[in-house]
Structures are given as structure tokens and as C-alpha cells.
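Hi everyone, thanks for coming. Let me put the structure up, and then we can walk through it together.

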Amino acid sequence: MNPNRMIWLLAVWVMILGVVGSASLLTRINQERRDMGLLSFDRRVDHTLPPWVTLATTSLGAFRGLAVDAMWYRATRLQEEGHYFEANQLSQWITALQPRFSQVWSFHAWNMAYNISVATH
């Protein structure tokens, strides 16, 4: 048997074992997430969120973090340029997209209270 073919078959076998193994753990992992309250999207909360947050959360999926990073970069740049109201709006969007990340809330509260408020009249 060709060595390249043997490596290919071994890689496919390892991939199949990995998929089966992860599928067998999925139920237990989801139950632990539910028990710890780590679910990021709960059906009870859907009706209280603004429609754009629901749309952004569901459409962006895993890329939501990249979108939030771009918003952080833009908010910082707008603040340096003196566009405080636009930076404030982006801060509100960031906190809406990351509502359970406490550092986001504390940073934006500190930034608006001590940096932006001093720079405006």
C-alpha cells in the first residue's frame, strides 16, 4: 500500500473518531452550560432584546466577536478624534452585543465618566 494513502486513511479515521467523540460529549456539555447559566441566548430573553441585537447575534454567530473588536477599534479612534457622541453610540452597541461580559460595562462606564465627560463641555 502506498504510504501517502496510508497516512490519508489514518487521518480520515482520526477525524471520524474525533467527530463521534465530540458528538457523544455534546449533550453533557450543553447540560453543564445550562446548569452554570452560560447560555448566551435564552428564549425568555428574545422578546426583551431590540430587534437589531437579535439579528446581529443570530446572523453573525461566531463572527460577532470580530464585529465587536472592529467596533472597539472604531470607538477608540472616534474618541481620539473628538467624535464623542459617535463613540458613545458604539459603546452602547458593544455593551448590547456583549451583555454578560462585565469588563465591557466597567470600561465603558469609566471611559464615559472620566475621559469623555472631561473632554466635553
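Which residues make up the largest nonpolar core? There are ten: Ala56, Val68, Met71, Ala75, Leu78, Ala87, Leu90, Ile94, Leu97 and Val104. By nonpolar core I mean buried Ala, Val, Leu, Ile, Met, Phe, Trp, Tyr and Cys residues joined through side-chain atoms within 4.5 Å. Helix 3 (64-81) and helix 4 (84-97) each supply at least two residues of this core.

A word on where this comes from: this is a predicted model, where local features need pLDDT of at least 70, side-chain atom pairs count only at pLDDT 80 or more, and totals for chains, interfaces and linings use all residues. Residues are numbered from 1 along each chain as its sequence is written, and side-chain values use heavy atoms, leaving out hydrogens and water.

Now helix 2, residues 51-60. Its buried residues (under 20% relative accessible area, 1.4 Å probe, protein chains only) are Val53, Ala56 and Thr57. Seen down the helix 2 axis, they fall within an arc of 95°, so they line one face. They pack against helix 3 and helix 4. The face turned away carries Pro51, Leu55, Thr58 and Ser59, which are exposed, that is, over 50%.

Last, helix 4 and helix 5 (residues 102-119): their axes come within 11 Å and cross at roughly 170°. That makes the two helices roughly antiparallel, a label for angles over 145 degrees. Contact, meaning heavy atoms within 4.5 Å, involves residues including Ile94 of helix 4 and Trp105 of helix 5.

Technical notes. Helix = DSSP H or I, 4+ residues; strand = E, 2+ residues; numbered from the N terminus. Arc of directions from axis to C-beta. Axes fitted to C-alpha atoms, helices over the stretch in contact; angles between N-to-C directions. Parallel < 35°, antiparallel > 145°, perpendicular 65-115°, else oblique.
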